[in-house]
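Here is a friendly walk through one protein chain. Have the sequence and the 3D view open side by side as you read.

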Amino acid sequence: MPTTLANDRLLPADERTRDLAREIFAGIESAPILSPHGHVDPTLLADDVPFSDPTELLITRDHYVTRLLHAAGIPLADLGLDPQRPVDPRQPWRLLAENWHRFTGTASGYWITHELQTLFGVADEFGPDTADAIYDRIAVTLAEPAFRPRALFDRFGIEVLATTDDPLDDLAAHARLAADGTFRGRVLPTFRPDAYLDPEGADFADRVERLLAATGEERTFAGYLRALEARRAHFIAHGAVSADHGVLEPFTTDLDPAVAQSLFADAVAGRATAEQARLFRGHMLFQMARMSVADGLVMTVHPGVRRNHHRPTFQAYGADTGHDIPVRTEYTENLRPLLEAFGTAPGFHLVLFAVDETVYSREVAPLAGFYPSVYIGAPWWFLDAPDAILRWRSAVTETAGFYRSSGFIDDTRAFLSIPARHDTSRRLDAAFLARLVAEGRATLPQAHRIARDLVDALPREVFKL
């Protein structure tokens with residue numbers, strides 16, 4: 001990693017194009033951050049408790065980091081992920097420093113470098129010789145009032161931050177923030193019902209029972225739907241603008257009510273076959289679209305990831321510990337029943353993400369280029385790195401243009417990485433637009449307007465902000 005971040009980082013190497021990109025970027029560099037999809041815990045801001053230590057801040061909460069260290073042969077327990085075996089927080093920090101060379105060229109390496117230098121003023125090369133000194137410097141800084149979560153929220157220029165929440169969450173943290181006149185900005189909940197829609201989930205029946213009990217609905221498929229609608233209404237009352245669906249495949253189907261009732265009965269009884277479970281999930285994704293048409297929540301779909309790929313790691317450390325692996329995704333046929341029913345419904349917004357790069361130009365961009373409801377989700381997860389972002393922009397723009405995309409989505413649990421991620425996106429969009437101007441495919445005034453819209457008007461429109 002460079003010891004000093006270059007002013008022209010991520011901008012084109014060609015001098016003329018770089019000058020254009022620099023000018024375009026200057027117009028959006030300090031624009032407020034709109035983050036309409038992410039995973040920051042809302043209690044971080046509601047409680048405003050200081051961060052405990054540099055390791056918890058930059059390593060243990062970031063599975064981008066822990067997974068690559070694990071791939072290098074370091075047990076996750078040594079990185080502090082086992083609550084039954086606490087470690088000295090300096091141990092994971094030193095392990096990261098010893099393996100820092102492995103992060104060269106990765107998005108994680110870039111983001112951490114950005115955080116170290118822009119937030120903590122660290123100019124020294126991170127490595128074994130400097131690890132303890134850098135750790136001490138950050139630890140002292142974290143005790144300062146300016147580095148509490150709310151102060152950083154203001155410093156980062158965040159205007160909107162969306163969280164991702166369980167349907168039965170009481171959303172008390174969001175209510176506290178909304179009622180607090182000293183807190184500037186909006187922290188919005190997001191309805192995430194996956195665990196309540198998948199009969200193959202380990203505790204599906206229990207979740208359904210708790211959902212029905214919380215809403216006072218009967219134990220029928222119709223009652224189950226009304227219960228989900230009631231919880232969506234609860235989220236909307238607390239400011240939610242979207243519902244998020246992390247499915248393995250975006251399969252949809254519209255079933256006869258009697259068939260759906262039969263599937264529901266088998267699912268809650270634990271006797272649904274694999275094919276029945278797939279039909280139920282497909283019908284429920286269809287139902288989620290129907291509900292979004294009715295209540296206005298933006299529907300985002302994040303498919304194509306085999307969650308918890310390594311069962312022993314899941315059993316030992318739980319979910320979101322770095323072993324979710326992408327699979328192929330098919331949208332065109334899978335979504336056809338949903339789009340035939342709701343694709344042209346007024347006010348319906350459907351944002352399609354992918355981790356399978358082949359689907360961008362073949363399916364997602366053409367779908368967004370016809371259906372007024374469909375928007376192209378930003379590069380997500382494994383694809384939110386610099387070169388992948390540029391590949392995505394090239395793949396979708398020629399078919400659907402800039403204005404069928406969602407704006408950038410940081411999709412992060414790592415609060416301190418939010419400005420680094422948005423800075424990355426803005427620089428790369430400036431680079432892409434500069435190339436169009438240099439090649440005579442866009443004018444400079446057009447590029448300036450598009451750059452501004454990508455960070456402001458588009459996410460406001462797509463996510464109904």
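The sections below go from the domains to the sheets and then to the salt bridges.

## About the model

This is a predicted model, in which local features need pLDDT of at least 70 and side-chain atom pairs count only at pLDDT 80 or more, while totals for chains, interfaces and linings use all residues. Residues are numbered from 1 along each chain as its sequence is written, and side-chain values use heavy atoms, with hydrogens and water left out.

Domain 1 brings 29 residues to the contact and domain 2 brings 24 residues, where contact means heavy atoms within 4.5 Å.

About 2400 Å² is buried between domain 1 and domain 2, and carbon and sulfur atoms give 62% of that area. Buried area here is the accessible area (1.4 Å probe) that two parts lose on being put together, summed over both. Six residue pairs are in polar contact across this interface, both residues at pLDDT 80 or more. A polar contact is a pair of N or O atoms within 3.5 Å; within protein, one must be able to donate a hydrogen and the other to accept it, and residues adjacent in sequence count only if both atoms are side-chain atoms.

On the side of domain 1 that touches domain 2, α8 (149-156), α14 (311-317) and α18 (418-438) each supply at least two residues. The largest share of that side, six residues, comes from α18. Helices (H or I, at least four residues) and strands (E, at least two) are DSSP runs, numbered from the N terminus.

β4 runs parallel to β5 (residues 298-301), and four bridges join them. Look for S242, which stands opposite V298 in β5.

## The three-stranded sheet

Three strands form another open sheet, in the order β1-β2-β3, again with parallel pairing. Its edges are β1 (33-35) and β3 (186-188), each with a single partner strand, so one side of each is left without a neighbour in the sheet.

β1 and β2 (residues 158-162) run parallel and are joined by three bridges; L34 has V160 in β2 as its bridge partner. α18 packs on this sheet, touching β1 and β2, and its direction makes about 105° with that of β1.

## Salt bridges

The structure holds 41 salt bridges, each a side-chain nitrogen of Lys or Arg within 4 Å of a carboxyl oxygen of Asp or Glu. One of them joins the side chains of R90 and D136 (2.3 Å, N to O). R90 lies in α5 (residues 90-98) and D136 in α7 (residues 131-142), so the pair ties together parts that are 46 residues apart in sequence. Across the interface of domain 1 and domain 2, the rule finds zero salt bridges.

Key. Pairing = 2+ DSSP bridges. Axes fitted to C-alpha atoms, helices over the stretch in contact; angles between N-to-C directions.
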